[in-house]
Each structure stands twice: as structure tokens, then as C-alpha cells.
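Subject: Handing over the structure, with notes on what was found

Dear colleague,

I am passing this structure on to you, and my notes follow directly below it. Please read them with the model open beside you.

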Amino acid sequence: MITLSLPSPAQPLLPPSSKTLNPSRQNIIPSSDSRKNPNFEPLKNRLIRQLDMGHLRHAISTLDLMTQQNAPPDLTTYSILVKSCIRFRNFQLGKLIHRKLIQSRLELDSVVLNTLISLYSKCGDVDTARSIFEGMGNRRDLVSWSAMVSSFANNCMELQAICTFLDMLELGFYPNEYCFTAVIRASSNAKYSWIGEIIYGSVLKTGYFEADVCVGCELIDMFTKSSGDLGSAYKVFEKMPERNLVTWTLMITRFAQLGCARDAINLFLDMELSGYAPDRFTYSSVLSACTELGLLALGKQLHSRVICFGLALDVCVGCSLVNMYAKCTADGLVDDSRKTFDRMPAHNVMSWTAIITVYVQSGECDKEAIELFFRMISGQIQPNQFSFSSVLKACGNLSDPYIGEQVYEIGPSISELCGEFSY
């Protein structure tokens, strides 16, 4: 049984200054040998410029050159390199730099170790991240604990995230906004929602709710994902002193997903009146709400707007438009759905499934649905369960057992059979 006791300060705590989050940053200095070498600073500056341009491999070549010219990189250089690999999501290069860092025999500080925890966390290697964290001993700071809580939370290890959060509290560390965000995310399921509600109270007391938009977004997700509690989620949304496009879009999306389509549309209108410009995710959600309510006229107006803003070619928006034209009339506007589909420059399994489903649901286009299915797999896109369900229904409508068997046989070995079937 988990017991949770968060510290209750006598007065609300404001988020700590960023200067106090990483005191060890000031202790990073290059080795004396590096500073004596006149090539050190020019090579380091070249490496930084290469990273700014996104040339990671060139930067690693410069790193090797620094070693060859007896101007070995310092901890700052390695830390910047690893952070750049994380930013560009090139985790293999990040691991290569870690190996070079080990070979350098430099004594690692908490800044570099925290960065390595983030590297392995983001590539899904939680065991290595945990090994680095546990090996830090008394060098673990608030950033270390926050990184480890986030690592567990982002890799579906909710209980470990919550337990690590509790261990951190017992050792006297007080959470920052990043740590609160991570542990709230870990509490976003029915099993641990009660912990999330306790943390919510602590967030309100400490002042982080007012100070960080991300905390509010995670709380909205916690209430909707754990129990579908849109009422509590909307109360969080209303209390937020600062909202951005992400916040508005999140609340609109959750309304649309949980059966409150009219509330989603009303909130969309409120967002526009507040001066925020919708993005592709906002339009996708509000178009889905129009589909749910059968509001074809409003949907067409939104379609015109996404065309004006250059968003109609987006896969996410395109799928919503395909579904809307198919479902907002009694007979289904198959032609309009197909035109929208054909205008999309790229397709994924969602867009293919949407158009296949449209043809099947029309009641008269089962043959076309099957043809589209085989076009999809010939393009090396693997169907999902919804694709199979729709195309098997089309086979049943045609009373063609041969085609049905052909489709059915694809399921167990789709990765081997992609592209080998033709209709």
C-alpha cells in the first residue's frame, strides 16, 4: 500500500530560480592541458557552430580532432554534444559520445550525468538511465530526480515513477515543475488517479499551477485519461491563469473525444475570440466534433479555412475531412471524401483506413474498398485492425469467399506479404 505525504509549506512556495536548479554547472572547467593548447577554443567554437547548424557528424569529427591535436574536449563540450543528439533525436550518436566520454577518463559531474539519464530515457533504455542515476550517489540533485521520475513516467513505468518521486521527497528534495509534470503523468490512469489528486492539491499550494502551463495540461490529461472526468478537467482549464494554443487544443480535443462535441465547438469559438490561431491539431479535433453532430455546413466552412491556411494537405486534418464528408449526410459524400483523400500528398494507415471505411459504409462501393486496401499494402503500409475489419466487411458484402480468404491470410504475416497481393 502506497502512502503519500507531501510537504506542506507554511506559505506558498514560488518556483525556485533557475540558478539554483543546477549549482554544479558553475563547477565545469576545462582541463589545464586543454586551456594551454591554443587550438582548444577555436576547435570548440567550430564544434558549437556545427551543432547550431545541425551537423552532428561533423561535430563529432571535430571532437576527434580536438583529441588528436592534444586539445581534449572538456565536460561542457561533451554535455553540449549529448544535448544536441537528444534535440535531434539521434540517440545512436548520443551513445557513441557517451562511449567517447568514458574513454576520456574525465570525472563526470551531475550536469553531464543528468544529460545522459535524459538520453537513455528518451531512447527507451530505462535500465541504463537507472544505472547512471543509481551510480551518482550523493551527486544526485533535483534535476537528477526529476529526470528519473520523467524517465519512468514516459516509459509506462508509472509505479516506479511514483515511488521515485516519494523517495525524492523523503530525502528532502522539493519538486519543481518538471518533476510535478512527470509524476502527474504517471498518475494519469484509474489505478493511481487518487495519487494524482493529492499531488494536484500540493501543486496549488506551492504556486507551480500558476507558474507553469505544462503542469495544468498534465492535470487536464490526468482527469480525462484516468476517469473521463471532463468536469474536473475543465475546472483546471478555467483556473489556469495563462493558456496557450496547446492548452486550448488539448481541452477541445478531450471534449471531442469524450462525447461532448458541442462543448468542443463552443470552446473552439472561445479560443478564436481570445485571439489564438488554430493549428492542424485544433482543426482536426473540431472537424471531428462537427462530424459527431452532423454539422456539415460548419464543417465546410472550416474546410475552406484550412485550405486558406495551407493545412488541408495535412494527414491529420485530411482524415477528419474524409470522415466528415462520409458521415454528415445520409447517403455519404463519397466523391468529396475521395477528392480530399486524393489531394493529400502523403498517406498513412489512418488516412487509408478512413477512405476504405467510407467506401464500405456507403453500401455500394465494396469493390472499390477492396481495391484501395490492396493499393495500401502494395505501398508498404501495414493495415491495422480497423483496416482489416472494414475490408473483411466489404468481402462479406460481395459474397466473394476467394477475396475474403486472400485478405484473411494477410493478417498473420502482413510484413512478409506486403506488396505481393494484387486484385
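F237 is buried, at a relative accessible area of 1%, where buried stands for under 20%, exposed for over 50% and partly exposed for what lies in between, computed with a 1.4 Å probe on protein chains only. W248 also counts as buried, with 4% relative accessibility. Before going further, please note that this is a predicted model, in which local features need pLDDT of at least 70 and side-chain atom pairs count only at pLDDT 80 or more, while totals for chains, interfaces and linings use all residues. Residues are numbered from 1 along each chain as its sequence is written, and side-chain values use heavy atoms, with hydrogens and water left out.

Aromatic rings and charges

Rings of Phe, Tyr and Trp (for Trp the six-membered ring) are taken as a pair if their centres lie within 6.5 Å, and a pair is called stacked if the planes are under 30 degrees apart, edge-to-face if over 60 and tilted for the rest. Under this rule there are 14 aromatic pairs. One of them joins F237 and W248 in an edge-to-face arrangement, with 5.1 Å from centre to centre and 80° between the planes.

To count as sitting over a ring, NZ of Lys or CZ of Arg has to be within 6 Å of the ring centre and within 35 degrees of the ring normal. R140 is placed in this way over the ring of F133, its charged end being 4.7 Å from the centre.

Pocket and cavity

Rolling a probe the size of a water molecule over the atoms shows where empty space is left. The search runs on a 1 Å grid over the protein atoms alone: a cavity is a set of points where a 1.4 Å probe fits but cannot get out, a pocket is an open set with protein on both sides within 12 Å along at least five of seven lines, and lining residues have an atom within 4 Å of a point. Grid points are joined across faces, edges and corners, and a volume is the space filled by probe spheres set on the points.

The second largest pocket has a volume of about 590 Å³. Its lining is made of 21 residues, and S284, S288, S320, N323 and M350 lie nearest its centre. Two or more lining residues come from each of α16, α18 (280-293), α20 (315-327) and α22 (349-362), and α18 gives the most, with six. By class the lining has eight nonpolar, 11 polar and two charged residues, where Ala, Val, Leu, Ile, Met, Phe, Trp, Tyr, Cys and Pro count as nonpolar, Asp, Glu, Lys and Arg as charged, and the others, Gly among them, as polar.

Across the whole structure, the search finds one cavity of 30 Å³ or more. The largest cavity has a volume of about 30 Å³ and is lined by F209, E210, A211, D212, V213, M240, P241 and E242. Helix α13 (residues 208-211) supplies the largest share of this lining, three residues.

Loops

G207 lies in the loop between α12 (193-206) and α13, and G207 is buried, with a relative accessible area of 12%. D229, in the loop between α14 (213-227) and α15, is partly exposed at 27%.

N70 has a positive phi of about 55° although it is not a glycine; N70 is found in the loop between α4 (56-68) and α5 (75-87) and is exposed, with a relative accessible area of 55%. R89, another residue other than glycine, has a positive phi near 55° and is placed in the loop between α5 and α6 (91-104).

With best regards

Key. Helices (H or I, at least four residues) and strands (E, at least two) are DSSP runs, numbered from the N terminus.
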